[in-house]
Amino acid sequence: MCLNHYLLNSYRPNGRKYPHLDCWGLVVYWYRRELGIELNEYADLSQKTMSEGEAKEKEHFKEVRAPSEGTVCAFYDGRDILFHVGVYTHGKLLHAHKAGTRWESVGNAIRFKNVTVRYYDYGA
């Protein structure tokens with residue numbers, strides 16, 4: 001895996017084609033490129049479709065206590081609503097947002113109060 005390839009991504013809302021990906025688009029792209037696993041793209045994400053997509057994807061993922069290579073990190077607000085995702089790789093979180101694609105510690109990515117992170121492994 002070449003981490004620089006992912007860091008060249010330019011954030012685009014509902015982006016699903018590299019190098020213009022949003023947070024879910026980056027997870028989908030990483031899973032396809034690194035693991036050969038196809039995830040549903042959910043091309044038009046809104047709060048409603050995020051909730052629907054989360055329910056569908058949980059069929060393929062199992063919540064785990066701690067992240068390992070390829071774990072999806074899901075960020076929830078104080079109302080327990082999913083608002084952001086990234087993938088855990090090389091010991092850190094790779095995620096895309098408006099400020100750009102970053103590779104940083106999960107703890108550093110949690111900058112706000114009342115944010116909960118849950119970890120999900122595919123096919124576990």
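Cys 2 is partly exposed, with a relative accessible area of 41%. On this scale, buried means under 20% relative accessible area, exposed means over 50%, and partly exposed lies in between (1.4 Å probe, protein chains only). The model is a predicted one: local features need pLDDT of at least 70, side-chain atom pairs count only at pLDDT 80 or more, and totals for chains, interfaces and linings use all residues. Residues are numbered from 1 along each chain as its sequence is written, and side-chain values use heavy atoms, with hydrogens and water left out.

Cys 23 is buried, at 12% relative accessible area. A disulfide is a covalent bond between the sulfur atoms of two cysteines. Here it is counted as a pair of cysteine sulfur atoms within 2.5 Å. The closest cysteine sulfur to that of Cys 23 belongs to Cys 73 and is 12 Å away, so the two are too far apart for a bond. The count of disulfides by this rule is zero.

The nonpolar cores come next. A nonpolar core is a set of buried Ala, Val, Leu, Ile, Met, Phe, Trp, Tyr and Cys residues joined through side-chain atoms within 4.5 Å. The largest has 24 residues. Trp 24, Val 27, Tyr 31, Leu 39, Val 85 and Leu 94 have the most contacts inside it. At least two residues of this core come from each of helix H1 (3-7), helix H2 (23-35), strand S4 (72-76), strand S5 (82-89) and strand S6 (92-97). Helices (H or I, at least four residues) and strands (E, at least two) are DSSP runs, numbered from the N terminus. H2 gives the largest share of the core, eight residues. A second, separate core has nine residues, including Leu 93, Ala 109, Val 117 and Tyr 119.

Val 85 shows how the largest core is put together. Contact means heavy atoms within 4.5 Å. Residues up to four places away in sequence are not counted, and Val 85 then touches Cys 23, Trp 24, Val 27, Val 72, Cys 73, Ala 74, Phe 75 and His 95.

His 5 lies in helix H1. It is buried, with a relative accessible area of 18%. Beyond four places in sequence, His 5 touches Tyr 18, Tyr 29 and Arg 33. His 97 lies in strand S6. His 97 counts as buried because its relative accessibility is 18%. Its contacts, leaving aside neighbours within four places in sequence, are Tyr 11, His 84 and Arg 102.

Tyr 76 lies in strand S4. This residue is buried, with a relative accessible area of 1%. Not counting residues up to four places away in sequence, Tyr 76 touches Glu 54, Lys 58, Ile 81, Leu 82, Phe 83, Asn 114, Val 115, Thr 116, Arg 118 and Tyr 120. The side chains of Tyr 76 and Tyr 120 are also joined by a polar contact of 3.3 Å. A polar contact is a pair of N or O atoms within 3.5 Å; within protein, one must be able to donate a hydrogen and the other to accept it, and residues adjacent in sequence count only if both atoms are side-chain atoms. Tyr 76 and Val 87 are 11 residues apart along the chain, and their C-alpha atoms are separated by 15 Å.

Asn 114 is one of the residues that Tyr 76 touches. Asn 114 is found in the loop between helix H4 (106-109) and strand S8 (116-122). It is exposed, with a relative accessible area of 62%. Apart from neighbours within four places in sequence, Asn 114 is in contact with Tyr 76, Asp 77 and Gly 78.

Some backbone features sit in loops. Pro 19 lies in the loop between strand S1 (16-17) and strand S2 (20-21). The peptide bond from Tyr 18 to Pro 19 is cis, with omega near 10 degrees. Asp 80 is found in the loop between S4 and S5. Asp 80 is not a glycine, yet has a positive phi of about 65 degrees. It is partly exposed, at 43% relative accessible area. His 90 is placed in the loop between S5 and S6. His 90 is also not a glycine, and its phi is positive, about 55 degrees. At 49% relative accessibility, His 90 counts as partly exposed.
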